[in-house]
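Here is a friendly walk through one protein model, written to be read alongside the sequence and the 3D view. Please keep both open as you go.

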Amino acid sequence: MLEYEFRDVYVPRGVSRAATTRLLTEHAEYGHWELARLRLYPDGSRRVRLRRKIIRQLRPTW
């Protein structure tokens with residue numbers, strides 16, 4: 001079963017679409033995050049939910 005870690009990012013109104021794209025691209029490239037949900041509000045602000053897989057290492061049994 002896959003487990004995910006989530007991070008919520010709030011982008012205030014007035015931030016351009018290009019700047020938001022750059023921000024999310026940096027999260028994806030350097031933090032290995034992927035877009036789970038994006039919500040655009042009527043005032044122009046955005047709430048973004050990012051997720052990434054939690055990789056658990058199993059201890060070796062001796």
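## The nonpolar core

Which residues make up the largest nonpolar core? The answer is Val-9, Val-11, Leu-24, Trp-33, Val-48 and Leu-50, 6 residues in all. A nonpolar core here is a set of buried Ala, Val, Leu, Ile, Met, Phe, Trp, Tyr and Cys residues joined through side-chain atoms within 4.5 Å. Strand E1 (4-11) and strand E3 (46-53) are the elements that give two or more residues to this core. Helices (H or I, at least four residues) and strands (E, at least two) are DSSP runs, numbered from the N terminus.

Before going further, please note that this is a predicted model, in which local features need pLDDT of at least 70, side-chain atom pairs count only at pLDDT 80 or more, and totals for chains, interfaces and linings use all residues. Residues are numbered from 1 along each chain as its sequence is written, and side-chain values use heavy atoms, with hydrogens and water left out.

Val-11, one of the core residues, touches Thr-20, Leu-23, Ser-45 and Arg-46, not counting residues up to four places away in sequence. Contact means heavy atoms within 4.5 Å.

## The sheet and its helix

The 3 strands form an open sheet in the order E1-E3-E2, with antiparallel pairing. Its edge strands are E1 and strand E2 (34-40), each of which pairs on one side only. Neighbouring strands of this sheet are turned by 20° against each other on average, direction ignored. Two strands pair if DSSP finds at least two bridges between them; E1 and E3, which run antiparallel, are joined by 8 bridges. Within this part of the sheet, Phe-6 stands opposite Arg-51 in E3.

Helix H1 packs on the sheet, touching E1 and E3, and the direction of H1 makes about 15° with that of E3. For such angles, axes are lines fitted to C-alpha atoms, for helices over the stretch in contact, and angles run from 0 to 180 degrees between N-to-C directions.

## A histidine in the helix

His-27 lies in helix H1 (residues 17-31). Is His-27 buried or exposed? His-27 counts as buried because its relative accessibility is 19%; buried means under 20% relative accessible area, exposed over 50%, and partly exposed in between (1.4 Å probe, protein chains only).

Setting aside residues up to four places away in sequence, His-27 touches Arg-7, Val-9, His-32, Trp-33 and Leu-50. Val-9, Trp-33 and Leu-50 are among the residues of the nonpolar core.

Asp-8 is found in strand E1 and is partly exposed, with a relative accessible area of 46%. Asp-8 and Leu-50 are 42 residues apart in sequence, yet their C-alpha atoms are 6.3 Å apart in space. Leaving aside neighbours within four places in sequence, Asp-8 is in contact with Val-48 and Arg-49.

On strand E2 you will find Arg-37, which is exposed at a relative accessible area of 61%.

## Salt bridges

How many salt bridges does a search of the whole structure find? There are 4, a salt bridge being a side-chain nitrogen of Lys or Arg within 4 Å of a carboxyl oxygen of Asp or Glu. One of them joins Arg-56 to Glu-3, with the closest N and O atoms 3.2 Å apart. Arg-56 lies in the segment after E3 and Glu-3 in the segment before E1, so this pair ties together parts that are 53 residues apart in sequence. Arg-56 is exposed, at 57% relative accessible area, whereas Glu-3 is partly exposed, at 38%.

Another salt bridge links Asp-8 with Arg-49, the closest N and O atoms being 2.8 Å apart. Asp-8 in strand E1 and Arg-49 in strand E3 are 41 residues apart, and the pair links distant parts of the chain. Arg-49 is partly exposed, with a relative accessible area of 35%. Glu-34 and Arg-51 also meet through their side chains in a salt bridge (2.6 Å, N to O). Glu-34 lies in strand E2 and Arg-51 in strand E3, so the pair ties together parts that are 17 residues apart in sequence. Both partners are partly exposed: Glu-34 at 34% relative accessibility and Arg-51 at 27% relative accessible area.
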